[in-house]
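Trainee: I have a new structure to look at, and I would like to learn how to read it. Could you walk me through it, please?

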Amino acid sequence: MFKLIDSHNKNHYTAELQEMFSRRKRYQLSLDTGAYDHDKSVYLFFKDPKTTMFGCARLNPSSSKNMVGEKVGLFFEGDEAWECSSLAFDIEDNHPIQNDPEQFEAHCSYFYSSLYDALMTTCATLKIKKLLFFNTQDELDDMSFFGGVDFDRSFCIDEKNGLTLAVMNADERRKQFNIH
């Protein structure tokens with residue numbers, strides 16, 4: 001189950017935030033730690049002690065400092081959009097599930113479908129109507145394969161939640177728009 005961590009409750013989740021920042025740094029996501037983590041950031045944090053499965057994602061509103069900056073206007077006009085970035089997922093290397101492809105795939109599918117559900121719930125709670133996924137191609141591929149969400153397209157509408165989703169490949173766009 002995902003925990004929603006924001007400026008209102010982050011004092012209750014200091015251990016989770018420390019673990020998240022530590023793991024993001026370990027997985028080369030440290031470039032976006034700090035400058036894009038601020039009071040308006042919202043985090044989804046997932047940890048399963050039985051499998052050591054860990055995951056997280058960060059959401060930032062376009063009105064505050066975010067990785068895409070004003071380039072979000074290329075995707076959305078009007079209402080404020082939010083960016084979903086710094087996605088991380090991990091199961092410890094020495095966990096037995098790593099040697100069982102069926103169980104590994106089942107847990108990956110569970111994580112990514114749960115992430116999507118948590119994002120939809122978070123968007124509904126925060127009244128977010130436009131969400132831009134700013135992730136690497138590997139992350140987008142994993143979300144598509146394991147989570148059953150079609151991230152091969154630039155835009156899609158989640159009719160059930162009234163949400164417009166857009167995808168920006170971080171690998172390509174960082175180079176194209178000189179985003180650091």
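Predicted model: local features only at pLDDT ≥ 70, side-chain atom pairs only at ≥ 80, totals over all residues.

**Reading the core and its ties**

Trainee: Which residues touch the most other members of the largest nonpolar core?

Mentor: The general idea is that in soluble globular proteins, nonpolar side chains tend to be buried together. Here the largest nonpolar core has 30 residues, and those touching the most other members are L59, F111, Y112, L115, L119, L131 and F133. At least two residues each come from β2 (42-48), β3 (53-61), β4 (82-90), α2 (101-126), β5 (130-135), α3 (137-147) and β7 (163-169). The biggest contributor is α2, with nine residues. Another core lies apart from this one; it has eight residues, including I5, L17, F45 and F54.

Trainee: How many helices and strands does the protein have?

Mentor: There are four helices and seven strands. Read from the N terminus, the order is β-α-β-β-β-α-β-α-β-β-α. As for the chain as a whole, 49% of its 180 residues count as buried. Of the contacts with a separation of 6 or more, 67% join residues 24 or more positions apart.

Trainee: I noticed cysteines. How many disulfides does the structure hold?

Mentor: A disulfide is a covalent bond between the sulfur atoms of two cysteines. This structure holds zero disulfides. Take C84: its sulfur is 8.3 Å from the closest cysteine sulfur, in C123, which is too far for a bond. C84 is buried, with a relative accessible area of 2%, and C123 also counts as buried, at 2% relative accessibility.

Trainee: Now for salt bridges. How many are found in the whole structure?

Mentor: The search finds four salt bridges. One of them joins E16 and K3, whose closest N and O atoms are 3.1 Å apart. E16 lies in helix α1 (residues 14-26) and K3 in strand β1 (residues 2-5), so this pair ties together parts that are 13 residues apart in sequence. E16 counts as buried at 16% relative accessibility, while K3 is partly exposed at 33%.

Trainee: Where do K47 and E19 lie?

Mentor: K47 is in strand β2 and E19 in helix α1, so their pairing ties together parts 28 residues apart in sequence. Their side chains meet in a salt bridge at 3.2 Å, N to O. K47 is partly exposed, with a relative accessible area of 39%, whereas E19 counts as buried at 19%.

Trainee: And are D37 and R58 buried or exposed?

Mentor: Both are buried. The side chains of D37 and R58 form a salt bridge, 3.1 Å from N to O. D37 sits in the loop between α1 and β2 and R58 in strand β3, so the pair ties together parts that are 21 residues apart in sequence.

Methods. Residues numbered from 1 in each chain as written. Heavy atoms only, no water. Core = buried A, V, L, I, M, F, W, Y, C linked by side-chain atoms within 4.5 Å. Buried < 20%, exposed > 50% of the residue type's maximum accessible area, 1.4 Å probe, protein only. Contact = heavy atoms within 4.5 Å. Disulfide = S-S within 2.5 Å.
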